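Hi,

Here is the structure I promised to pass on.

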Amino acid sequence: MTEEAPHLLTEETDGILVATLNRPDKLNAISREMMDLLTEAVLRLRERADLKVMLIRSAGRYFSSGADLRGGNRNIVSEANVAADSASKIRENHRLNLNNMQQLWDEIEHVEKPIVAAHHAMCVGGGLEMSLSCDFRLAAKSAAYAFPEGLFGVLPASGGVSRLTRICGPHWARWLIMANKPASADMAFTMGLVHQVYEDDTFEAEVMDFCRHLAKQNGEQMGAAKVAIELCAELGRDSARQVERMGNSGLMLNPDYIKGMEAYLKGVGGKAK
């Protein structure tokens with residue numbers, strides 16, 4: 001019997017941790033093994049100073065078809081949800097028993113380093129929920145997006161409604177969730193769901209160039225910016241201004257700030273590059 005390949009592959013290059021969803025024959029359905037390996041990768045990014053950026057990509061004709069609904073014992077959908085006999089139990093099972101989905105998506109959102117999702121093809125359900133927790137989403141022209149949960153009469157409940165609404169607003173959340181309509185890559189760009197759309201034949205190179213660009217940025221500034229942006233999204237104007245001041249009160253004590261300012265001022269007049 002042939003041994004199955006790992007459901008997630010990782011490699012490191014130029015300070016970038018590349019994680020590749022690796023179940024192309026299963027449309028990269030998210031399994032327990034994939035979740036465990038992705039959790040390990042996110043924690044590796046968080047703990048190692050030499051890793052500056054994480055890229056999540058995939059192999060095959062789907063970026064991800066969402067949670068594995070046909071995986072038998074490997075099924076990511078908890079049997080506890082099926083067996084629940086009250087609404088409160090279902091809510092608790094969503095919070096605790098979706099194989100750590102909500103906890104991992106939260107960690108992706110909170111870790112103070114940039115995480116990029118690169119969609120070369122269809123991205124749906126849990127794969128889209130994971131991507132919404134990332135800092136940047138890049139798409140090839142051939143990418144597309146959907147939440148199939150409406151076909152089953154339920155909501156995408158691992159951050160699908162909440163993150164999509166925060167990122168794209170209620171207008172487009174209604175399109176994907178209430179109307180259960182898909183979105184092409186270009187439409188996703190209009191929504192604000194993705195940051196950039198690239199031609200298919202240059203997509204991989206463009207994504208790596210973007211990740212290398214991120215890896216060159218100041219790590220302290222990137223971490224502070226990630227926290228500040230999340231806070232400011234939830235606060236009123238005056239409180240958000242306090243977040244800016246608080247952030248810079250630490251960053252401007254960093255020796256990198258003085259060096260960066262000196263280099264920038266020299267370069268403004270074309271004296272340095």
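**The second largest pocket and helix α9**

The lining of the second largest pocket draws at least two residues each from β7 (136-140), α6 (160-178) and α9; helices (H or I, at least four residues) and strands (E, at least two) are DSSP runs, numbered from the N terminus. The largest share, 6 residues, is from α9. In total 18 residues line this pocket, and C134, D135, K226, I229 and E230 lie nearest its centre. (On a 1 Å grid over the protein atoms alone, a pocket is an open set of points where a 1.4 Å probe fits, with protein on both sides within 12 Å along at least five of seven lines; lining residues have an atom within 4 Å of a point.)

Before going on: this is a predicted model, where local features need pLDDT of at least 70 and side-chain atom pairs pLDDT 80 or more, while totals for chains, interfaces and linings use all residues. Residues are numbered from 1 along each chain as its sequence is written, and side-chain values use heavy atoms, leaving out hydrogens and water.

Back to α9: M222, G223 and K226 are buried there (under 20% relative accessible area, 1.4 Å probe, protein chains only). Seen down the axis, the buried residues of α9 fall within an arc of 105° (directions from the axis to the C-beta atoms), so they line one face of the helix. Their cover includes α4 (101-110) and α8 (203-215), with contact meaning heavy atoms within 4.5 Å.

At the N-terminal end of α9, N218 is the cap: one of its side-chain oxygens lies 3.0 Å from the backbone nitrogen of E220.

How values were computed:
Buried < 20%, exposed > 50% of the residue type's maximum accessible area, 1.4 Å probe, protein only. Polar contact = N/O pair within 3.5 Å; in protein donor to acceptor, adjacent residues only side chain to side chain.
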